[in-house]
Protein chains: 2
Amino acid sequence: MSREFDVKKHTEGIIEFIRNYFRENQLRGAVLGISGGKDSGVVAGLLSLALGPENVVGITMPCHSNPTDKSDAHLVAEKFGFEMLNLDLTSTFDSFVAEASKIADCSNPLSNANINLKPRLRMATNYYIAALLSEVRGGTWIVAGTSNKCELYVGYFTKGGDSTYDIGILNDLTVEEVIAVGAYIGVPDPVLYKAPNDGLSAKTDEDKLGVKYSEIAKVINGQEGEGQERIEQLHRNAQHKFHTPYYKKCD
Amino acid sequence: MSREFDVKKHTEGIIEFIRNYFRENQLRGAVLGISGGKDSGVVAGLLSLALGPENVVGITMPCHSNPTDKSDAHLVAEKFGFEMLNLDLTSTFDSFVAEASKIADCSNPLSNANINLKPRLRMATNYYIAALLSEVRGGTWIVAGTSNKCELYVGYFTKGGDSTYDIGILNDLTVEEVIAVGAYIGVPDPVLYKAPNDGLSAKTDEDKLGVKYSEIAKVINGQEGEGQERIEQLHRNAQHKFHTPYYKKCD
């Protein structure tokens with residue numbers, strides 16, 4: 001965490017940012033996917049404080065998933081008082097893979113194709129539920145994102161998946177800063193201090209990346225440290241995820 | 001079409017842009033969804049000319065769709081010689097809606113929720129097939145986009161759907177310029193001169209937008225014309241689709 005991070009100031013700043021954006025754009029509520037991890041727990045808490053828990057809906061989207069993820073998700077909902085919905089994506093995923101298997105063998109659960117399908121189906125689900133709530137409950141509901149600055153810096157997200165949303169809350173906060181905000185607003189410990197794991201394979205995020213989030217934060221804050229070279233390389237390689245290249249007439 | 005649009009120059013420019021991008025990034029092939037409309041027909045033709053048809057795969061993704069869309073798609077594949085794959089999304093869509101119906105009534109096929117689910121499932125499919133081809137055939141396959149400048153200007157696309165891809169081909173070309181390029185490279189007439197229709201509802205795109213693409217092109221080219229006010233308003237309202245707002249520590 002950068003020395004000057006003022007948790008009270010930024011927690012209040014985020015809450016004000018959310019309130020202002022919703023007021024200026026005449027929006028009613030926010031939906032978000034709740035994974036059971038700290039990022040979605042902290043975002044759900046901040047949204048509840050900003051908008052009132054009645055205007056926040058968390059969504060669990062199991063998809064051949066670890067059942068403890070779902071119970072951790074409910075810890076957060078109980079703490080902040082927002083509603084949880086569940087949409088099981090297992091049958092949708094299986095229907096898709098059955099069709100794709102007519103093209104080629106799709107049976108490896110750890111292929112890139114299968115791993116990245118899940119966050120894309122979850123993105124589609126977030127938007128589906130936001131549209132459904134707008135229709136059924138009235139007002140405009142939007143999708144909140146849970147990406148943090150460390151993940152974004154190294155491109156640790158799925159294009160068209162967890163990186164697609166209508167409002168970002170933690171995009172400028174390192175993992176340590178997210179934890180500080182979460183502790184400040186009272187996100188339950190089992191959620192806040194869980195080892196980050198995207199639930200898409202057996203490894204933790206840090207295992208897969210080959211670097212630690214704390215090391216990424218150091219690089220972001222301009223400090224030298226271990227893994228710096230690999231982190232800068234991941235960052236460079238991720239540029240295509242931020243800026244889609246396209247043909248320009250005047251070049 | 002702006003008076004100075006040089007169809008030969010820009011067709012060659014696009015082909016060179018595609019070749020350079022693939023060479024610089026050591027990519028092998030491109031996949032794209034083929035709707036049977038002109039944008040995907042022109043992009044598929046340009047990709048085939050740039051990369052060789054053996055490195056292009058078109059995907060039809062029917063989803064409770066009009067069967068003529070699929071036969072028009074094959075006209076394009078025959079003309080340019082690339083391979084077509086088919087992944088029927090009807091059962092995936094139905095599985096999803098069956099699960100969502102446990103939350104609320106999802107039976108209206110023309111609700112925003114249902115209309116926008118299709119392009120999001122198609123985006124996920126494009127990426128799934130690109131990953132699958134990378135695994136099965138080797139090399140890296142990416143997803144090509146088919147958005148044109150007029151659609152983009154007024155935000156006529158689905159966030160996380162048809163607007164998510166790895167390389168854009170027509171993003172700086174108005175509809176008339178797309179047609180000029182298509183005619184130049186020989187995209188079959190039934191595809192090139194079809195009334196634009198996203199296949200998501202019974203109306204044409206222009207009916208839904210309430211403005212004509214030719215009017216949008218005029219506004220883009222700085223000419224006054226009918227519908228200008230509505231076009232500028234659509235453009236302003238679409239900004240959230242291009243720039244996701246997020247909390248910044250230093251604001």
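**How the two chains meet**

Analyst: Start with the contact between the chains. In this predicted model, 49 residues of chain B are in contact with 49 residues of chain A.

User: How do you know that two residues are in contact?

Analyst: Their C-beta atoms, placed from the backbone, must lie within 7 Å. On chain B, helix H1 (7-24), helix H4 (90-100), helix H5 (112-137) and strand E5 (167-168) each supply at least two residues of the side that touches chain A. H5(B) gives the most, with 14 residues.

User: What makes up that side of chain B by class?

Analyst: The side of chain B that touches chain A has 26 nonpolar, 14 polar and 9 charged residues.

User: Why are the two copies described as related by a two-fold rotation axis?

Analyst: Look at the superposition. A rotation of 180° with 0.0 Å of shift along its axis places chain B on chain A, with an RMSD of 0.0 Å. The two copies are therefore related as by a two-fold rotation axis. The same surface serves both copies, as 100% of the contact residues of chain B recur in chain A.

**The sheet of chain A**

User: What is the strand order in the open sheet of chain A?

Analyst: The 5 strands have the order E3-E2-E1-E4-E5 in chain A, with parallel pairing.

User: Why are E3 and E5 of chain A called edge strands?

Analyst: Strand E3 (83-86) and strand E5 (167-168) of chain A each pair on one side only.

User: How do you know that E2(A) and E3(A) pair?

Analyst: Pairing needs at least two bridges. Here 4 bridges join strand E2 (residues 56-60) of chain A to E3(A), and the two run parallel. Within this pair, Ile59(A) stands opposite Leu85(A) in E3(A).

User: Which helix lies across E1, E2 and E4 of chain A?

Analyst: Helix H2 (residues 38-51) of chain A does. H2(A) runs at about 170° to strand E1 (29-33) of chain A.

User: What makes H10(A) roughly perpendicular to H11(A)?

Analyst: The axes of helix H10 (residues 213-220) and helix H11 (residues 228-237) of chain A come within 10 Å and cross at roughly 75°. The range for roughly perpendicular is 65 to 115 degrees, so H10(A) is roughly perpendicular to H11(A).

User: Which residues meet there?

Analyst: Glu215(A), Ile216(A) and Val219(A) in H10(A) meet Gln228(A), Ile231(A) and Glu232(A) in H11(A). By class, this contact has 3 nonpolar, 1 polar and 2 charged residues.

Technical notes
Residues numbered from 1 in each chain as written. Chains lettered and ligands numbered in written order. Predicted model: local features only at pLDDT ≥ 70, side-chain atom pairs only at ≥ 80, totals over all residues. Axes fitted to C-alpha atoms, helices over the stretch in contact; angles between N-to-C directions. Least-squares fit on C-alpha atoms with pLDDT ≥ 70 in both. Nonpolar A, V, L, I, M, F, W, Y, C, P; charged D, E, K, R; others polar. Parallel < 35°, antiparallel > 145°, perpendicular 65-115°, else oblique.
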